[in-house]
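Q: Could we go through this model together? I would like to ask about a few local features.
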Amino acid sequence: MQQLEAGVLRNGEAQGAQYRVHRSAQYRGSLLEQVADRLLQGADDGGLTFNGCGSGRRRCTMAQLGIERVVRGPWSLAMSREFWEGFAPAALPDADAPGASLSTVFRVDTDWSSASAVVRQDGAQATITVRGDGDLDAAADQVARFLALDVDATGWPEIGTRDPVIGAAQAALPGLRPCGFHSPYEAAAWSVLSQRVRIVQAARTRRELIDRHGDDGAFPAPAVLAALDLDLPGRKAEYLHAVAEAALEGRLAGTVLRAMDPREALTSVQDITGVGPFAAELIVLRGANVPDALPARERRLDAEVEALYGPGASVAEVGEGWRPFRTWAAVLLRAQRENRLHEIAGRR
């Protein structure tokens, strides 16, 4: 196979994080046509790799973007991976892969293309490699968001110093950052699928939707989901259609919800048919991965707070000491409880 490679590394800063970028793209046609086409366009794609293509449109239009960013504050990819495998609606696709990397496939919520991601850790540096045929810059940002790598957590250890309960949990689960859903859209869909059924049943339905109507392992795009004639109990089909329409209207965009005051975001998503207060918390806190908000309807968290802080202690009361990482502290305590009691794993 003929191949011409030109690699370019760029240094810069984005959202306070240092990063390095390398791009590669595959294009159809002869090598000469490819180079001429790029020169005529005057495009600068960073580093481009031109490959001869075989059959298959998606294979030939696939591009790759690699970003290296400094993660500020404690972080353990292995701990994040363990957390995700225990709490996500379905096991990671590469559950048997080495813990040195984390791989997943997801729907990019800016253009609804599918993308794959591989994340590796080298000390405080995260290497995020995304592949797809859509907006890869947005895809890389989305990976950082759902893995909470975009949060400056240099002040997170101080929360544990002030609150010995949180400090003990931090020591037990070192470097854990809350891993959210791939997007608020997928969190909203999961909130519908998991209503009044066991997690294993909801996960099976989600997997069937992906297998039948997704692409490359990604959850179905909103336009596809909105058009499906689904045979689901109760009003779930109606609710999923409402979620899909809201996503197409931009009401479930991760960047938008993250930029809003969490209280306003919670109110906003409840305008979607089928989304109540509990689902709204899942969408905003775990879908947009907002770092500083408290769940008000997590009975297991309520029980854990009472067990650790004493009878009568409330999440709202003790959570004031967790600012500006209230979501992180709440997730940390829930993860600690699950490790001890296996309440979720036991229901699967």
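Q: What volume does the largest cavity have?
A: The largest cavity has a volume of about 40 Å³. On a 1 Å grid over the protein atoms alone, a cavity is a set of points where a 1.4 Å probe fits but cannot get out. Points are joined across faces, edges and corners, and the volume is the space filled by probe spheres set on them.

Q: Before we go on, what kind of model is this?
A: This is a predicted model, in which local features need pLDDT of at least 70 and side-chain atom pairs count only at pLDDT 80 or more, while totals for chains, interfaces and linings use all residues. Residues are numbered from 1 along each chain as its sequence is written, and side-chain values use heavy atoms, with hydrogens and water left out.

Q: Which residues line the largest cavity?
A: The lining consists of W156, L176, R177, P178, W328, V331 and L332, where a lining residue has an atom within 4 Å of a point. By class, 6 are nonpolar, none is polar and 1 is charged. Here Ala, Val, Leu, Ile, Met, Phe, Trp, Tyr, Cys and Pro count as nonpolar, Asp, Glu, Lys and Arg as charged, and the others, Gly among them, as polar.

Q: And which helix gives the most to that lining?
A: Helix α16 (residues 326-341) does, with 3 residues. Helices (H or I, at least four residues) and strands (E, at least two) are DSSP runs, numbered from the N terminus.

Q: Which residues of α12 are buried?
A: The buried residues of α12 are P262, A265, L266 and V269, buried meaning under 20% relative accessible area, exposed over 50% and partly exposed in between (1.4 Å probe, protein chains only). Seen down the axis of α12, these buried residues fall within an arc of 100°, so they line one face of the helix; the arc is that of the directions from the helix axis to the C-beta atoms.

Q: What do they pack against, and what is on the other face?
A: They pack against α11 (254-259) and α13, contact meaning heavy atoms within 4.5 Å. The face turned away from the buried side carries the exposed residues R263, E264 and T267.

Q: What happens at the start of α12?
A: A side-chain oxygen of D261 reaches to within 2.8 Å of the backbone nitrogen of R263.

Q: Changing topic, is W112 buried or exposed?
A: W112 is buried, with a relative accessible area of 15%. Its place is in the loop between β6 and β7 (114-122), and its phi is near 65°, a positive value in a residue other than glycine.

Q: What about D216?
A: D216 also has a positive phi, near 60°. D216 is partly exposed, with a relative accessible area of 47%.

Definitions and conventions:
A polar contact is a pair of N or O atoms within 3.5 Å; within protein, one must be able to donate a hydrogen and the other to accept it, and residues adjacent in sequence count only if both atoms are side-chain atoms. On a 1 Å grid over the protein atoms alone, a cavity is a set of points where a 1.4 Å probe fits but cannot get out, and a pocket is an open set with protein on both sides within 12 Å along at least five of seven lines; lining residues have an atom within 4 Å of a point.
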